[in-house]
Amino acid sequence: MWGIIFAASLIILSFVYPSEFLINLFTQILIMGLFATSLNLLVGYTGMVSFGHAGFFGVGAYTAAVILQKYSTSVGFAFGTTIVFSAIAALIIGSFCIRLGSIYFAMLTLAFNQIIYIIVIRWTDMTGGDQGLIGGIPLPGFLSTQRAYFIFTVIVVAASLVICKLVVDSPFGAILKVIRENADRAYSLGIRVKSYQLIVFVMAGIFGGISGALMSLSISGAYPDFCYWAKSAEPIFMVVVGGMNSFLGPLLGAAIFKILIAYSTMYTNLWGLIIGGVLVLIILLVRKGLADYVMEFVAARSVDGPKNLLSPKKTG
Amino acid sequence: MDLSSLIECFGDPGCLINQTTSALIFAMLLFLIASGLSLIFGVLGVMNFAHGSLYMLGAYLTYTLYVGTSSFSLAIILGCLGMGVFGVFFERVFFKPIYTMHILYQLLLTYAFILILDDVAKLIWGYEFITMGAPDAFQRPPLELAGSFIPTYYIFVIAVGIMVAVLLWMFLRKTKYGKLIRATAHSSEMVMALGKNTSVVYAGVFGLGAMLAGLGGALAAPIRSIFPGMGSDVVIDCFIVVVVGGMGSIPGAFLAAILIGFMRAFGIIGFPMVEEALIFILMAVVLIVRPQGFFGRAET
C-alpha cells in the first residue's frame, strides 16, 4: 500500500518537477535499488554472502539488449527472455554454490561472476566484446522519452519489490530466516535447506537480471563493466550501508550510493576516496546499516516495540 | 581453439622457452602476492580484497625510491620495509575492529580500501601509466638459450621468487615465530591462554603479508606498467591461487601460482579465446570438488 503511494508520488513528482538530471538519477537509484534488494534476499534474509551478483545483472542486461537490438521484438518479450535466461543461469550457478558455506560460497560466486564476464568479453559477435553492445537499443514509442522510461522503471521496480516483500513475509520467507539463523537446526527440523537456498538464489538471480535489463535499456547499451567482479561490490555496499535487516534498507543504500557518486563526481574525479571513506566510517563507527539504525531507534523508543525481532543477528 | 599451434610450440624449443619464462615470471610475481594473502587469510581469517592495492603501492614506492636513490637494490629493500610498516599500521587501525564482524563487513571494508588506495595513488603519482624500465644493473646482454633470449632481470625475478618461497616455508616450519604463527592460525584462543600475545602475531602477519605484496610490486615495477587500479586484476588471480593451493598453505600457493602461470602462458597459444576462463573454471572446480584446496586443511 505504502509502496503504491510512494510510486505514484514519484511519478507525479516527475511531472511537477521535470528536471532531466533528477529523473535520470532516480531511474538509476530505482534500478540499483532493485538490484541491491535482490541481493539482500540472499544476504540479509538467508545469510548467503554472494560476491558474484553482478553476473546476473550482466546476464539480464545483455539478454534484453541483444534481443531488442538484433531481433527487434517487443519489450515484454525481451523481459520474458531475460527472466528465463537469468533463472537458468542462477539455477546452474546456484546448484553448485549452495554446496559451500560462508567464504567459499562467496569465492565460488565470484568465480562464476568472472566466467560470465569473460564470456561477455570474448563472445564478440553477440555482445560486442570489450567495446560493449553499442549502437543503441530501439525502444517502442511509449518508452522513448526519459520520463516515460522513468515511469516504466517505477512500475517494474515497484511490482518486483512488492513480489519480494510478499515472499519474505510469507512462510517461505520465515523459513529463510530460520536458515540464516541456524542452518543445522533448520535441517534437523526437517527443512530441506538446500532446496530453499537454491530457490532463493534463483529468485535473486531473476530480479538481478531484471534490474540489469532495466539498466541496459535506460542507457541504451550494455557494457562488460556490468558484470566485472568489482560491480558485485556495489550492491553489497548498498545492502550494508542501507541496512540488511530492513526490507527497504538496500533501496536507501542505493539512493545514498548514487547520490554520493552523482554529486562527488561533479567536484572531483576522486569519488572512490569519498565512497570508500564513507564505507570505512560506517563499518567501523556505526556498525550497522542506516535503515536498521533508524528502525532500532524507533523500536527502542516505543514501549511495546518488537525489539527482539529487529535486533541484528549476532556475528562472529 | 588452436591446438595445432600449441603442438607446434611444444615442438619448437624457442617457443617453449619463451612461454616457460613468461609463465615462471607471472607465477613468481603471483606467488609473492598470493602467499601474503594466503598467510593473512590463514591466520587472521579475513579475505583481503585490498591486497592487490598493497602490491600497487609497493610498485609505486619502489619506482619513487629508485628515481630518488637510483639504486635498485636499495629501492627494493626500502620499498618492502615501507610496505611492512604500512601493513602493521593498517592492521592495527582498520583490520583489528573487523575480526569479530560479519563476513560481509569484512569483505566490504577491504573492498573500500581498493577504492581509497587507488585514489591515493592517483593523488600522489597522477593518472598516467608509468614505465620504469629495467634497472641499470640489469642492462646487460640477455642469456641465450636454444636460440631464444631471456633477459637477465627475468632470471633475477625467478630466483628471488624461489628463494622467498624456500625462506618463507622454512620460517614457518622451523623457527619459533613460524610455529607461533601456525599455532595462532590453528587456535588463537589456545595461544592466548598459553600467555602469548596474539595481537602482535596478527600485526606481524599482516606486516609480513604486506611486505610480500610490496616485494611483488617492487619486482614487477621494472617489467609492468604502473597505474592506479593495477591491483584489482591481480587480486582476483591471487584469490584463485589461494583457493586452488589451499587457504593458508605456502607450498600450495607456490604450486598453484606455477600451475596458473603455465595455464596462462600456454593457454594463450592453445586456447586464445578462453584461456582466462580456464583458470576461473579451475577455481570453480577446485571449490566444488575440494573446497579446502590442494594443500589446505579441511574445515573443522
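Student: How many aromatic pairs does the rule give over all chains?

Tutor: The count comes to 33 aromatic pairs over all chains. Rings of Phe, Tyr and Trp (its six-membered ring) pair if their centres lie within 6.5 Å; planes under 30 degrees apart are stacked, over 60 edge-to-face, and the rest tilted. One such pair is A:Tyr223 with A:Phe226, edge-to-face at 6.2 Å centre to centre and 90 degrees between the planes. This is a predicted model, in which local features need pLDDT of at least 70 and side-chain atom pairs pLDDT 80 or more, while totals for chains, interfaces and linings use all residues. Side-chain values use heavy atoms, without hydrogens and water; residues are numbered from 1 along each chain as its sequence is written, and chains are lettered from A and ligands numbered from 1 in the order in which they are written.

Student: Are A:Tyr223 and A:Phe226 buried or exposed?

Tutor: Buried means under 20% relative accessible area, exposed over 50%, and partly exposed in between (1.4 Å probe, protein chains only). A:Tyr223 is partly exposed because its relative accessibility is 28%, whereas A:Phe226, at 7%, is buried.

Student: Why is the pair of B:Phe94 and B:Phe113 tilted?

Tutor: A pair of aromatic rings is described by the distance of the centres and the angle of the planes. The planes of B:Phe94 and B:Phe113 stand at 55 degrees, with the centres 4.7 Å apart, so this pair is tilted. B:Phe94 lies in helix α4 (residues 72-95) of chain B and B:Phe113 in helix α5 (residues 103-125) of chain B, 19 residues apart; helices are DSSP runs (H or I, at least four residues), numbered from the N terminus. Both B:Phe94 and B:Phe113 are buried.

Key. Helix = DSSP H or I, 4+ residues; strand = E, 2+ residues; numbered from the N terminus.
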